[in-house]
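This briefing walks through selected features of the structure shown below, grouped by topic. Please read it alongside the sequence and the coordinates.

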Amino acid sequence: MPKAAERRRIGVYYAERSDDVPPKALVRNWLLAALRVEGRRAGAIGVRFVDREEAARLNRDYRSRDYATNVLSFPYARKPLVDGDLVLCPRVVEAEAAEQGKQPLAHYAHLVIHGTLHLLGYDHVGRRREAARMEKRERKILARLGFADPYRSRR
């Protein structure tokens, strides 16, 4: 269970909900697990669950990609504490989970951890070595939380 100070530093907000959207406590635990593996602490981090329209607008405005995506990361500071925002789109996350034969909760955990690693400076786009390093970290964190390897089906 996160300490009271950690709970205050990590805000979880729901503009969009579904039966499979994880509760705040789980989201915080996943995020903190990723930070701890990296030996880092949360500054001010917000996690927001949004509808397709908002996800598409943010993706278009900040990444020049005109579609709703599963998770977006907006890092603001990395040292001494990690500050940033994560934005997840439940409809996209849950559709992907169904397409990939994954449990929605496991896919949410993976994407929160993936997004948190982006807040920490990991970047997999166009970088094979960095992508492999990031995936290895994701597997390690997810395994510690009791989740299966999210990349296993790709092999």
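In this predicted model, helix α4, which spans residues 90-100, contains the buried residues P90, V92, V93, E94, E96 and A97. The elements that cover these buried residues include β2 (42-49), α3 (52-63), β4 and α5. After α4 comes G101, whose phi is positive, near 65°.

- Residue H107 is placed in helix α5, which covers residues 104-119, and H107 counts as buried because its relative accessibility is 3%, where the cut-off for burial is under 20%.
- The side chain of H107 is joined to that of E96 by a polar contact of 2.8 Å, and E96 is itself among the buried residues of α4.
- Leaving aside residues up to four places away in sequence, H107 touches V93, E96, A97, Q100 and K102; V93 and A97 also belong to the buried set of α4.

- Strand β3 (residues 71-77) pairs with strand β4 (residues 82-88) in the antiparallel sense, and the pairing runs over 6 bridges.

**Salt bridges**

- Across the whole structure, a search finds 8 salt bridges; side chains of opposite charge can pair when their charged atoms come close.
- In helix α6 (residues 128-144), R139 and E135 lie 4 residues apart, about one turn of the helix, and their side chains meet in a salt bridge with an N to O distance of 3.7 Å.
- E135 is classed as buried because its relative accessible area is 17%, which falls under the 20% limit.
- A further group consists of R60, D61 and D66, which are joined into one network by salt bridges that share partners.
- D66, in contrast, is exposed because its relative accessible area of 58% lies over the 50% limit.

How values were computed: Residues numbered from 1 in each chain as written. Predicted model: local features only at pLDDT ≥ 70, side-chain atom pairs only at ≥ 80, totals over all residues. Heavy atoms only, no water. Pairing = 2+ DSSP bridges. Helix = DSSP H or I, 4+ residues; strand = E, 2+ residues; numbered from the N terminus. Buried < 20%, exposed > 50% of the residue type's maximum accessible area, 1.4 Å probe, protein only. Polar contact = N/O pair within 3.5 Å; in protein donor to acceptor, adjacent residues only side chain to side chain. Contact = heavy atoms within 4.5 Å. Salt bridge = Lys/Arg side-chain N within 4 Å of Asp/Glu carboxyl O.
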